[in-house]
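Subject: Structure for you to look at

Hi there,

Here is the structure I promised to pass on.

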Amino acid sequence: MRTGHDYLATHLHRINILPSPECQLCGYGTINAEHLRTCSALDHSKNYQNGIFKEAHLYWSARHIMAQKPRVGVG
């Protein structure tokens, strides 16, 4: 995530896979690593000692939710 090469909408939009970088989960904001920290569609209740584990948990939670949605712009 730190390099910007991930499966979040910001990167997928940059490489012309998604039509928009907007958050597909909450519908508000651009989905990138910073947005994951505040996205209302993700569970922020888990308390991790190390921030990198929380960041990874949010990333994989977002990926899981997005994988279950119909694909838009891929074809």
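**A pairing to start with**

Glu-55 and Arg-37 form a salt bridge, and their closest N and O atoms are 3.0 Å apart. Glu-55 belongs to helix α3, while Arg-37 sits in the loop between α2 and α3, so the pair ties together parts that are 18 residues apart in sequence. A salt bridge here is a side-chain nitrogen of Lys or Arg within 4 Å of a carboxyl oxygen of Asp or Glu, and by this rule the count comes to one. Side chains of opposite charge can pair when their charged atoms come close.

Glu-55 is buried, with a relative accessible area of 13%, whereas Arg-37 is partly exposed at 45%. Buried means under 20% relative accessible area, exposed means over 50%, and partly exposed lies in between (1.4 Å probe, protein chains only).

Before I go on, please note that this is a predicted model: local features need pLDDT of at least 70, side-chain atom pairs count only at pLDDT 80 or more, and totals for chains, interfaces and linings use all residues. Residues are numbered from 1 along each chain as its sequence is written, and side-chain values use heavy atoms, with hydrogens and water left out.

**The chain as a whole**

The chain has three helices and zero strands, which gives the pattern α-α-α along the sequence. Helices (H or I, at least four residues) and strands (E, at least two) are DSSP runs, numbered from the N terminus. Of the 75 residues in the chain, 28% are buried. The chain exposes about 5200 Å², with carbon and sulfur atoms supplying 53% of that; accessible areas come from the Shrake-Rupley method with a 1.4 Å probe, and for residues only the protein chains shown count as cover.

**Two more places to look**

What does His-35 touch, leaving aside residues up to four places away in sequence? Its partners are Cys-23, Cys-26, Tyr-28, Gly-29 and Thr-30, where contact means heavy atoms within 4.5 Å. His-35 is found in helix α2 (residues 33-36) and is buried, at 10% relative accessible area.

On the surface, Tyr-48, Ile-52 and Phe-53 form a nonpolar patch with about 280 Å² of accessible area together. Patches are made of residues with over 30% relative accessible area and no salt bridge: like charges are joined within 9 Å, and nonpolar side chains (Val, Leu, Ile, Met, Phe, Trp, Tyr) within 5 Å. Ile-52 lies in helix α3 (residues 51-67) and counts as partly exposed, at 38% relative accessibility.

Best wishes
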